[in-house]
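Welcome to this short tour of a protein model.

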Amino acid sequence: MKAVKCACCGGSMKRNGKTSSGAQRWRCAACGASTTVRYDNIAARFDEFLSWLLSKGTQLEMPGAGRTFRRRTAEFWEVWPMPVPDGEFHRVLFVDGIWLAERLVVLICCSEDRVVSWYMAQSENSRAWSALMEPIPAPDVVVTDGGSGFAKAVRAAWPRTKVQRCVFHAFCQVKRCTTTRPKLQAGRELYGIALDLMHIETLHQAELWRERYLDWCGFWADFLEDTTLVDGRRVYTHERLRKARRSLSSLVSAGTLFTYLDPELTKAGPLPSTNNRIEGGVNAQLRAVLRNHRGLTSLKRVKAVFWWCHAHSGDARTAREKLATMPRDADIDLLYEVYSSSPKQGDGRPEWGDRAVWEELHRKDPFPFWLD
């Protein structure tokens with residue numbers, strides 16, 4: 001234990017009995033001043049909480065062996081670890097969403113070396129994507145798996161940013177429709193075309209791929225128009241192949257498949273064609289955290305994802321500084337109560353009100369809510 005010094009004269013203090021509450025009383029040998037000492041162990045408890053959450057260890061293996069550990073770290077479950085925009089420019093950013101429940105998704109944005117921001121929403125709509133992207137300086141290129149609503153959001157939030165559609169996800173969309181062993185000749189050819197997407201390294205190869213795909217579309221156009229009578233109505237016989245064709249045609253029309261080969265963008269260095277950085281470096285690790293701590297409530301699963309993102313965001317502040325600025329459940333519930341019962345007035349919304357998306361998680365009654 002560290003030596004206790006007198007706040008009045010700086011002299012050494014000795015134990016002098018207990019207070020009525022059982023706390024240790026100290027008395028200065030030089031001036032006779034008496035006081036109690038309260039040790040600030042919040043940093044140690046915060047480290048214990050993160051050490052458990054980000055590892056495979058159980059609560060029984062942590063200091064306190066279960067019940068005491070839960071009591072010592074309970075306050076951190078009340079905290080919402082929110083991203084802190086630092087204004088840093090990133091040439092390439094990766095975005096994706098990890099679903100935690102039927103109507104609960106956390107959208108994540110990361111660079112090559114750290115998590116930049118995160119946002120909780122009920123679905124991957126354009127409003128949620130915009131809320132994720134708006135505080136972040138627009139990058140040169142954003143890599144995405146093509147989540148719903150993203151195209152509209154990126155046009156509004158980052159109008160000058162080029163979009164790279166993850167070619168692996170583009171291939172997987174086709175594979176889901178054709179399977180890996182298509183029975184029809186048209187399916188086998190389309191599967192091969194989609195598979196070749198991941199092996200294109202030059203603009204010339206990209207142009208040849210486009211021509212090959214358009215030739216396939218023209219050759220099999222009549223075949224894909226065949227219909228079958230089912231329950232008294234006409235349906236397309238090869239609807240799954242048509243769906244695979246639509247997925248590729250929309251990407252070819254949008255021009256987002258080969259952004260990574262753009263000569264103007266590659267002057268500063270090569271660009272990624274997939275979002276493996278976020279799939280393997282973020283989503284896979286988040287799923288491991290949730291798998292290691294099975295049984296968490298939906299709210300705690302969200303906060304576990306938030307804490308993991310915060311731990312990998314590069315925030316260099318001390319534990320006390322972080323916890324002093326982060327909102328808690330009580331803050332969010334108070335805002336929900338105040339703003340849900342007040343008319344919209346000017347721009348007096350809280351800074352992090354929509355960043356926490358507290359109206360989506362804490363809403364108990366289904367009614368329109370104006371504060372986004």
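What follows moves from the whole protein to a group of charged side chains, a helix and a pocket.

This is a predicted model, in which local features need pLDDT of at least 70 and side-chain atom pairs count only at pLDDT 80 or more, while totals for chains, interfaces and linings use all residues. Residues are numbered from 1 along each chain as its sequence is written, and side-chain values use heavy atoms, with hydrogens and water left out.

## The whole protein

The protein has 15 helices and 10 strands; these are DSSP runs numbered from the N terminus, with helices being H or I of at least four residues and strands E of at least two. Of its 372 residues, 44% are buried. Here buried means under 20% relative accessible area, exposed over 50%, and partly exposed in between, with a 1.4 Å probe and protein chains only. The accessible surface is about 20300 Å², and carbon and sulfur atoms hold 51% of that area; the areas come from the Shrake-Rupley method with a 1.4 Å probe, and for residues only the protein chains shown count as cover.

Contacts (heavy atoms within 4.5 Å) also tell us about the fold. Among those with a separation of 6 or more, 55% join residues 24 or more positions apart. A101 sits in strand β4 (residues 92–101) and counts as partly exposed because its relative accessibility is 32%.

## A network of charges

The structure holds 13 salt bridges, each a side-chain nitrogen of Lys or Arg within 4 Å of a carboxyl oxygen of Asp or Glu. Which residues are linked in a network of salt bridges? They are E225, E239, R242 and R246. The table lists pairs from this group.

| Salt bridge | N to O distance |
|---|---|
| E225 and R242 | 3.3 Å |
| E239 and R242 | 4.0 Å |
| R246 and E239 | 3.3 Å |

E239 and R242 are about one helical turn from each other, because they are three residues apart in helix α8. An α-helix has 3.6 residues a turn, so residues three or four places apart point the same way.

Is R242 buried or exposed? R242 is buried, because its relative accessible area is 10%. E225 is partly exposed at 41% relative accessibility, E239 is partly exposed at 34%, and R246 is partly exposed at 44%.

## A helix and its cover

Helix α6 (residues 185–195) has buried residues A186, G187, L190, Y191, G192, I193 and A194. Their cover includes α5 (167–178), α7 and α8.

## The largest pocket

Rolling a probe the size of a water molecule over the atoms shows where empty space is left. The largest pocket has about 540 Å³ of space. On a 1 Å grid over the protein atoms alone, a pocket is an open set of points where a 1.4 Å probe fits, with protein on both sides within 12 Å along at least five of seven lines; lining residues have an atom within 4 Å of a point. α4 (150–157), β8 (162–165) and α8 each supply at least two residues of the lining.

Definitions and conventions:
Grid points are joined across faces, edges and corners, and a volume is the space filled by probe spheres set on the points.
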